[in-house]
Amino acid sequence: MEGSSVEMPPYFLCPISLEIMRDPVTLATGITYDRTSIERWLFDAAHHATCPVTQRKLAPEDRDATPNHTLRRLIQAWCALHEVERFPTPRAPVDACRVAALVDEARGAGRRQELAALREIKAIAAESDRNKRCVEATPGAVDFLVSVVRHHCAASRSAEDLLELSLDSPTSTSPPEEDALSIIYSLKPSKKSLLRILERNNGDFMDTLLHVLRRPSYRSRTYAVLLLKAMVSVMEPARLMAVRADVVQEVVRVVSDRVSAKAVKAALHVLCRLCPWGRNRVKALEAGAMTVLVELLLDEGSRHSAELAVVAIDHLCGCAEGRSELVAHPAGLAVVSKKAMRVSPATTESAVRALHAVAKHSPTPAVLQEMLAVGVVAKLLLLLKVDSGEWARTKAKELLRTHARVWKNSPCLQAHLKAHYPS
């Protein structure tokens, strides 16, 4: 429509996007929207259940929109008449029967049929949010995808197997389990679906993800850790405490290998979720988490990754081994104190908590002198002068007062900072 001087009738525009409706659909409230916009509204993370214009709550059965063929034909005719943007008649949305038929065809069939079904399900899910919900809601569809991952990921492939796979699927460069993982992730499964996946087959899907995380493919590992992030978000504490040490080790390795920005953030989320429970702090430390996290902070990555890394370090400093490893790293105390000033209020709080834990539980003369030498004390004093949050200011002041005898009159502390030292 750009460059056109013709004024478009306002009822051709979607009330959400304010753009021309390519596939107009009408809700039970009588309001018409573009299908893509209203499906995104109804199926987004906030789970809206209202009509955007009328704000009327929609029952589950009222959320299926009806195609407005008359309006679509009017829009198409108007566009043709005024020689503006033209677009084809949209395809009818897929229904559960079609997805179920694809799953039935693939079950017990050969590799070729399985690959063809995966490709079509992937294309269906990629088309719209509505189709994603349709695939997830189709009985057996998610179980089929999980079974593909489980069946293929543990198998080792010879060169002949890889050649046969490429001949069966000349248009796809990824193995079946990777396609299945990508589909499951794209569905953004509900909590109910995630719990069902975890509980099926004695909860062995975590072992399946572990196999994928051990593979050399960065793409497969990315999908695996993204799904693991979703899984741990719905786990009960007892299940979180029972997570195996080798799973934690592979999560740490995702961060260490910098698999991808998305994968690193997901792995950090997993660590932050796991560390408060049971012996997971120790498992993470044995996997080298403290060194990996400090080096990630030294790399000056994204603000979000830095925030998550500091939160994870805060959790690890909840045990003696974690505090010892932070102090042992040559840049540990310095980089944590640096991030206390530069990232976000949440990062400031986590950084102060970690430093407070070290100075409270490990206040050896060597540690206190290092905190002074690398600038930790200076950063704590600066926190008192800026709007760093009441909790962080209180803890910083408490720490400074506790060790005033060592820090206050030290020649390492600049004169202008000594003037602000709390009495």
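Q: In what order do the three strands of the open sheet lie, and with what pairing?
A: Strands of a sheet pair through backbone hydrogen bonds, in either a parallel or an antiparallel sense. In this predicted model, the open sheet has the order β2-β1-β3, and its pairing is antiparallel. Helices (H or I, at least four residues) and strands (E, at least two) are DSSP runs, numbered from the N terminus. Two strands pair if DSSP finds at least two bridges between them. Residue numbers start from 1 along each chain as its sequence is written. Because the model is predicted, local features need pLDDT of at least 70 and side-chain atom pairs count only at pLDDT 80 or more, while totals for chains, interfaces and linings use all residues; side-chain values use heavy atoms, without hydrogens and water.

Q: Over how many bridges do β1 and β2 pair?
A: The two strands are joined by three bridges in the antiparallel sense.

Q: Which helix lies across β1, β2 and β3?
A: Angles between axes are taken between N-to-C directions and run from 0 to 180 degrees; the axes are lines fitted to C-alpha atoms, for helices over the stretch in contact. Contact means heavy atoms within 4.5 Å. Here helix α1 (residues 35–43) lies across the strands and runs at about 95 degrees to β2.

Q: Why is α14 described as roughly parallel to α17?
A: Angles under 35 degrees count as roughly parallel, over 145 as roughly antiparallel, 65 to 115 as roughly perpendicular and the rest as oblique. The axes of α14 (residues 261–274) and α17 (residues 303–316) come within 9 Å and cross at roughly 25 degrees, so α14 is roughly parallel to α17. Residues making the contact include K265 and L268 of α14, and L308 and A312 of α17. By class, the contact has six nonpolar, four polar and one charged residues. For these classes, Ala, Val, Leu, Ile, Met, Phe, Trp, Tyr, Cys and Pro count as nonpolar, Asp, Glu, Lys and Arg as charged, and the others, Gly among them, as polar.

Q: What angle do α10 and α11 make?
A: Helix α10 (residues 205–213) and helix α11 (residues 218–234) pack at about 150 degrees, with axes 8 Å apart. That makes α10 roughly antiparallel to α11. Among the contact residues are F205 and L209 of α10, and A224 and L228 of α11. The contact has 10 nonpolar, one polar and one charged residues.

Q: Is S182 buried or exposed?
A: Buried means under 20% relative accessible area, exposed over 50%, and partly exposed in between (1.4 Å probe, protein chains only). S182 has 6% relative accessibility and therefore counts as buried. S182 sits in helix α8 (residues 176–187). Leaving aside neighbours within four places in sequence, S182 is in contact with K122 and Y223.

Q: Where does E19 lie, and what is E19 in contact with?
A: E19 belongs to the segment before β1 (24–26). At 52% relative accessibility, E19 counts as exposed. Apart from neighbours within four places in sequence, E19 is in contact with F12, L13 and C14.

Q: Which residue other than glycine has a positive phi near 60 degrees?
A: That residue is L18, placed in the segment before β1. R258 is not a glycine either, and has a positive phi of about 50 degrees. R258 is in the loop between α13 (245–257) and α14.
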